[in-house]
Amino acid sequence: MLFSVTVNAQDEDPNKWAPAGLKIDGKANEWPKPLTFYNNDAKLFYTIANDSSNLYVVISSPDKVSQMKIMRAGFTFSVNPTGKKKVVSSITFPLLGEEAPEVVESQNQRNSVEWQRSILQNAKQISVEGLVGVPDGVLPVKNDKQIESAASMDDQGNVVCELSIPLQYLGLTISNDKPIAYRFKVNPLNRDDRKAKEKEVKDRMAAMQAAEKEGKTPPPMPAGLTGPGMENLFYPKDFWTRQIMVTHK
């Protein structure tokens, strides 16, 4: 799959025209496969699109560490209409929020697609900053600003996030003909999550040692809990790209 996409976007690459009948549901069914670009540092496939009214972005991550970070801390998409690599406006999602139903996490469920889907389906909030005419802060996923977002886990085990933003909130119009700067950021886990993960590693190591002493097959360590994967959970991964608006399909 990596060889079917352009790994590095070039400045002034054009957006795609938004797919017909696009529904922001986290399923990415309307988007051409594979997505247009891939960033190896953040482990994200992505496509940026627009129509006459909205800007759209879809990401897909097959990487377990990036998936855990997105589910715990969200993904932030930022825009600078001047093309400079400096954040002007941004939206972060998916966010569970305090009113979301609690999702029970067990060792057997943690790596299952069903459990991961339930986490993403419980995302009830987005965080906005720097949008024109929209106060900074937290909005419900279902809001009156026509900002749409959704995240899910597809049948191939990829986390998929979709976002639609009215151009007016970004200081853009379809007639913009200069490169626009976009930042993609996979947010890190916070300090409390780090403590919990470190405790989990110690508990799993103890369980493995106990199993070995008893002559039993030790349980495997889940992906992302040891080695460089563990450390990457607590650092952001981000990148910038520039693209230009398209005026028609």
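Start by selecting Leu55, which counts as buried because its relative accessibility is 1%. Buried means under 20% relative accessible area, exposed over 50%, and partly exposed in between, with a 1.4 Å probe and protein chains only.

Before moving on, note that this is a predicted model, in which local features need pLDDT of at least 70 and side-chain atom pairs count only at pLDDT 80 or more, while totals for chains, interfaces and linings use all residues. Residues are numbered from 1 along each chain as its sequence is written, and side-chain values use heavy atoms, with hydrogens and water left out.

**Stop 1: around Leu55**

Leu55 sits in strand β5 (residues 54-61). Helices (H or I, at least four residues) and strands (E, at least two) are DSSP runs, numbered from the N terminus. Now show the partners of Leu55. Contact means heavy atoms within 4.5 Å. Leaving aside neighbours within four places in sequence, Leu55 touches Asn15, Ile48, Ala49, Asn50, Phe77, Val79, Leu163, Ser164, Ile165, Leu167, Leu170 and Tyr182. Pick Leu170 from that list. Leu55 and Leu170 are 115 residues apart in sequence, yet their C-alpha atoms are 8.8 Å apart.

**Stop 2: the whole protein**

Zoom out. The protein has 4 helices and 13 strands. Of its 249 residues, 47% count as buried. Take the contacts between residues at least 6 apart in sequence: 68% of them join residues at least 24 apart. Switch to a surface view.

**Stop 3: helix α1**

Select residues 64-73, which form helix α1. How many of its 10 residues are buried? The count is 8, so the helix is mostly covered. The buried ones are Val65, Ser66, Gln67, Met68, Lys69, Ile70, Met71 and Ala73. At the start of α1, a side-chain oxygen of Asp63 comes to within 3.3 Å of the backbone nitrogen of Val65. After α1 comes Gly74, with a positive phi near 90 degrees.

**Stop 4: the largest pocket**

The largest pocket has a volume of about 580 Å³. On a 1 Å grid over the protein atoms alone, a pocket is an open set of points where a 1.4 Å probe fits, with protein on both sides within 12 Å along at least five of seven lines; lining residues have an atom within 4 Å of a point. Of the 26 lining residues, select the closest to the centre: Asp25, Gly26, Ala150, Ala151 and Ser152. Four elements to colour are β7 (89-95), α2 (113-121), β8 (125-129) and β10 (148-153), each giving two or more residues to the lining. β10 gives the most, with 6 residues.

**Stop 5: backbone details**

Go to Lys33 and Pro34. A cis peptide bond joins them, with omega about -10 degrees. Pro34 lies in the loop between β2 (16-17) and β3 (37-39). Next, find the cis peptide bond between Phe93 and Pro94, where omega is also about -10 degrees. Pro94 is in strand β7.

Now select Lys43, in the loop between β3 and β4 (44-50). Lys43 is not a glycine, yet its phi is positive, about 60 degrees. Lys43 is partly exposed, at 26% relative accessible area. Finish at Gln146, in the loop between β9 (137-140) and β10. Phi of Gln146 is positive, near 60 degrees, in a residue other than glycine.

Key: Points joined across faces, edges and corners; volume = space filled by probe spheres on them. Polar contact = N/O pair within 3.5 Å; in protein donor to acceptor, adjacent residues only side chain to side chain.
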